[in-house]
Amino acid sequence: GGCIPSLGPRPLLVTGDVSDPTLTRAYQSSLTSAVSRNKRSTATGRSVPGRGQSMLLSTGDTSDPALTRAFTASSSNTSGRSILLGGTGQKCLAIAEGRADIAIMNFLSSAWDTCAPEALVRAAGGELTDLFGRRIVYNSSPNPPNSFLNNCGVIASGEEFKGLQRDVCDEMRGDSLALEKLEPWGWVSGSNSGEENGDATGSEEDLAERVDRMLDLRQRTLRAGL
């Protein structure tokens, strides 16, 4: 799936699925140490990025046009470079350790691919959402049209890049190709009619409001039974 890029010595924490409290403390200690070293490295070696400054975008190998637009949105306002890194876990670990700044996963990742890595990203101060900026919902018994797939994609960012992630998600909420991912929940692609998209008064509302309504509906279906 690709090699893991390195900015120098790094801790690579590999764990199994265990419930032993002693091992849990060991994992937490290892992560805390890694995050601490990452923050010291950031403070001394990398400035907080802004418009036109450098970032490292971690991507997967995909030809999906919606993801291509997300990649473009992520890098359009920076001078950073993109790396190909296979595996959802690898991308999220690179974010947590500060070796990547933004990571975009394809539409084939599943809940079990992101649930544990999301904890690492958030523990390191980062963010992980779908491409529309909504939290991933983990439901052991999803009701159709929901499934264990992360149908609306996944994007993760380091602590200093959460603002850029929000900008990308805002752009995706207005992107026709990205919005096609909402069709299983009732979105009508290529239509400007709010009524067709589940909103009888939509003709007086802008696209952003209609998209938010659809995303709210999807979140409610995802959380059904929790």
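Contact here means heavy atoms within 4.5 Å.

## Basis and overall organisation

Among contacts in the chain between residues at least 6 apart in sequence, 74% join residues at least 24 apart. The model is a predicted one, in which local features need pLDDT of at least 70 and side-chain atom pairs count only at pLDDT 80 or more, while totals for chains, interfaces and linings use all residues. Residues are numbered from 1 along each chain as its sequence is written, and side-chain values use heavy atoms, with hydrogens and water left out.

The chain holds 7 helices and 5 strands, where helices (H or I, at least four residues) and strands (E, at least two) are DSSP runs numbered from the N terminus. Read from the N terminus, the order of elements is α-β-α-β-α-β-α-β-β-α-α-α.

## Burial and surface

Of the 226 residues, 41% count as buried; buried means under 20% relative accessible area, exposed over 50%, and partly exposed in between (1.4 Å probe, protein chains only). The chain exposes about 11600 Å², of which carbon and sulfur atoms supply 50%. Accessible areas come from the Shrake-Rupley method with a 1.4 Å probe, and for residues only the protein chains shown count as cover.

## Nonpolar cores

A nonpolar core is a set of buried Ala, Val, Leu, Ile, Met, Phe, Trp, Tyr and Cys residues joined through side-chain atoms within 4.5 Å. The largest one has 27 residues, and Ile102, Ile104, Leu131, Phe132, Ile155, Met172 and Leu182 touch the most other members. At least two residues each are supplied by helix H2 (65-75), strand E3 (102-105), helix H5 (162-172), helix H6 (176-179) and helix H7 (207-223). H2 gives the largest share, 5 residues.

Beyond its neighbours within four places in sequence, Phe132 is in contact with Cys152, Cys169, Met172, Arg173, Ala178, Leu179, Leu182 and Leu215. A second, separate core of 14 residues includes Ala94, Ile95, Ala100 and Met105.

## Aromatic rings

A search of the whole structure finds 1 aromatic pair. Trp112 and Phe148 form this tilted pair, at 5.6 Å centre to centre and 40° between the planes. Rings of Phe, Tyr and Trp (its six-membered ring) pair if their centres lie within 6.5 Å; planes under 30 degrees apart count as stacked, over 60 as edge-to-face and the rest as tilted. Trp112 lies in helix H4 (residues 111-123) and Phe148 in the loop between strand E4 (127-129) and strand E5 (154-157), so the pair ties together parts 36 residues apart in sequence. Trp112 is exposed, with a relative accessible area of 57%, whereas Phe148 is partly exposed, at 34%.

Two charged side chains also lie over ring faces: Lys181 over Phe107, at 4.2 Å from the ring centre, and Arg218 over Trp185, at 4.5 Å. A charge sits over a ring if NZ of Lys or CZ of Arg is within 6 Å of the ring centre and within 35 degrees of the ring normal.
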